[in-house]
Amino acid sequence: MNIADRVAEAVISRGDLAHLALFVWASGASALLAMTLRDLFAANRRFDEFVRELSLFNRRQ
């Protein structure tokens with residue numbers, strides 16, 4: 001039995017399903033935020049590389 005099952009079982013045994021639902025929602029929202037930030041940082045890095053290459057091209061011309 002993993003830790004998630006133990007936590008879910010403990011919460012359900014106390015009859016506190018609202019807190020379990022809130023925890024699942026918050027975990028999902030945090031995961032989506034982390035994925036969004038990771039993609040945003042990657043896009044920012046690609047844009048920075050593009051601007052550097054464009055600057056280099058302009059200096060050559």
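Which helix holds both R52 and D48, and how many residues apart are they? Both lie in helix α2, four residues apart, or about one turn of the helix. The model behind this answer is predicted: local features need pLDDT of at least 70, side-chain atom pairs count only at pLDDT 80 or more, and totals for chains, interfaces and linings use all residues. Residues are numbered from 1 along each chain as its sequence is written, and side-chain values use heavy atoms, with hydrogens and water left out.

Start with the fold. The protein chain has two helices and zero strands. Helices here are DSSP runs of H or I with at least four residues, strands are E runs of at least two, and both are numbered from the N terminus. Helix α2 covers residues 17-60.

Next, the overall dimensions. The radius of gyration of the protein chain is 23 Å, whereas a compact globule of 61 residues would have one near 10 Å. That radius is taken over C-alpha atoms, and the globule rule is 2.2 Å times the number of residues to the power 0.38. Along the principal axes, the C-alpha atoms fill a box of roughly 70 × 25 × 5 Å. W25 and V7 give one distance within it: they are 18 residues apart in sequence and 15 Å apart in space, C-alpha to C-alpha.

Now the surface. Buried residues are 5% of the 61 in the protein chain. Buried means under 20% relative accessible area, exposed over 50%, and partly exposed in between, with a 1.4 Å probe and protein chains only. The protein chain exposes about 5,700 Å², and carbon and sulfur atoms supply 64% of that area. Areas come from the Shrake-Rupley method with a 1.4 Å probe; for residues, only the protein chains shown count as cover.

W25 lies in helix α2. W25 counts as exposed because its relative accessibility is 60%. L54 is also found in helix α2. At 40% relative accessibility, L54 counts as partly exposed.

Finally, the charges. Side chains of opposite charge can pair when their charged atoms come close. The whole structure holds two salt bridges, each a side-chain nitrogen of Lys or Arg within 4 Å of a carboxyl oxygen of Asp or Glu. R52 pairs with D48, the closest N and O atoms being 3.1 Å apart. R52 is exposed at 55% relative accessible area, and D48 is partly exposed at 34%. R38 bridges to D39, with the closest N and O atoms 3.9 Å apart. R38 is exposed at 55%, while D39 is partly exposed at 47%.
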